[in-house]
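I opened the model to look up a few loop positions and some helix packing, and I kept these entries as I went along.

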Amino acid sequence: MLKIGVLGAGHLGKIHIKCIKDIPEYELVGFYDASEENAKAVAQEHGIKAYATIAELLEVVDVIDIVTPTLSHFDCAKQALEAGKHVFIEKPVTNTIGEAEELITLSRAKGLKIQVGHVERFNPAYVAAKDYLKQPMFIETHRLAQFNPRGLDVPVVLDLMIHDIDVILHAVGSEVKNISASGVAVVSDTPDIANVRLEFENGCVANLTTSRIAVKNMRKSRFFQKDAYVSVDFLEKKSEIVRMQEATGEEGPFSMILDLGEGKSKKEIIFENPKIHPTNAIREELFTFNQAISNSTEPIVTIEDGHKALKVAQQILDIIEANLKQISS
């Protein structure tokens, strides 16, 4: 049983605390929160100890779970790694690319594991569909959220779009060759709506649209590849696979057959809805990190994955900023 502590007991931190309490492979030692008032309330609500300092908490754990604001991710993670602790860290991994690179170097030197909280990799809809993804060549994603004041301290690219960036990088497995991006700040000082086109070395193209001032919530991705279309609804936890295969045997009354013309074989369209196994994605990512430590294996979402997603996100932000400056000049 690994002893774990949580840094940050805000909205998401409290969810992490609940999930950890539900994982028998962890012993939740306690947590630290910068707000003394909030720490007292959370300690009473969950029946766990609130530590007065991060250093005191680090002395009694094997693993630290960082659920603090992004600006403090690096300092918290560095302190934990220097104390010899494995680190789970919420997305985005750090505030800057340089900070992420320093954590990579430090974790390797210390022989410690870091997992980044790109939770959509554990979404049951994506888990059910990912084995059907075979070199997608066109991807379209929409991540739309209704207005919520929480999270306005960071651009929508880092707040929401980074989920899709990570999933796409994982699914494509190729280097990004070119990025086109535009964004608009509507209710905050940073872009609240963004549209991005990613072009990959292998020829794949991905279009991403993200908004945090939408009328309704939506989290959908569509992957197109040779002879198949894969749809993933991250919000509704549904997946659909539409694929073509050689038409063989007699056509049934409900068969969907494509006649591609003279000299070409007929194709049958097959619809599949992979079985979804309902899970709590946050619980799953925390559990798999426990297993990676216990079994000396790689975390499912590594620090390198977090670094790659952040690097692409930062490039997008730089392009949007340059475009906005050009428009205003």
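I began with proline 92, which I found in the loop between E5 and H5, and I noted that a cis peptide bond joins lysine 91 and proline 92, with omega at about -15°. The element names follow DSSP runs numbered from the N terminus, helices being H or I of at least four residues and strands E of at least two.

Before going on I noted that this is a predicted model, in which local features need pLDDT of at least 70 and side-chain atom pairs count only at pLDDT 80 or more, while totals for chains, interfaces and linings use all residues. Residues are numbered from 1 along each chain as its sequence is written, and side-chain values use heavy atoms, with hydrogens and water left out.

Next I looked up backbone angles in two other loops. Aspartate 227, in the loop between strand E11 (218-225) and strand E12 (228-233), has a positive phi of about 65° although it is not a glycine.

I then turned to threonine 190, which lies in the loop between strand E8 (176-184) and strand E9 (193-200) and is partly exposed at 21% relative accessibility. From threonine 190 to arginine 222 I read 32 residues in sequence and 27 Å in space, C-alpha to C-alpha.

Which residues of helix H1 (residues 11-21) are buried? I listed Gly13, His16, Ile17, Cys19 and Ile20. They are on the same side of H1 because they cover an arc of only 165° around the axis, the arc being that of the directions from the helix axis to the C-beta atoms. Their cover includes strand E1 (2-7), helix H2 (36-46) and helix H8 (281-295), where contact means heavy atoms within 4.5 Å.

For the H1 and H8 pair, the axes come within 9 Å and cross at roughly 65°; axes are lines fitted to C-alpha atoms, for helices over the stretch in contact, and angles run from 0 to 180 degrees between N-to-C directions. Leu12, Ile15, His16, Cys19 and Ile20 in H1 meet Ile282, Arg283, Glu285 and Leu286 in H8. I sorted the residues of this contact into 6 nonpolar, 1 polar and 2 charged, counting Ala, Val, Leu, Ile, Met, Phe, Trp, Tyr, Cys and Pro as nonpolar, Asp, Glu, Lys and Arg as charged, and the others, Gly among them, as polar.

The axes of H1 and H2 come within 12 Å and cross at roughly 25°, which makes H1 roughly parallel to H2; angles under 35 degrees count as roughly parallel, over 145 as roughly antiparallel, 65 to 115 as roughly perpendicular and the rest as oblique. Here Lys14, Ile17, Lys18 and Lys21 in H1 meet Val42, Glu45 and His46 in H2, and the residues of this contact divide into 2 nonpolar, 1 polar and 4 charged.

My last entry is on helix H4 (residues 73-82) and helix H5 (residues 97-110), which pack at an angle of about 10° with their axes 10 Å apart.

Conventions: Buried < 20%, exposed > 50% of the residue type's maximum accessible area, 1.4 Å probe, protein only.
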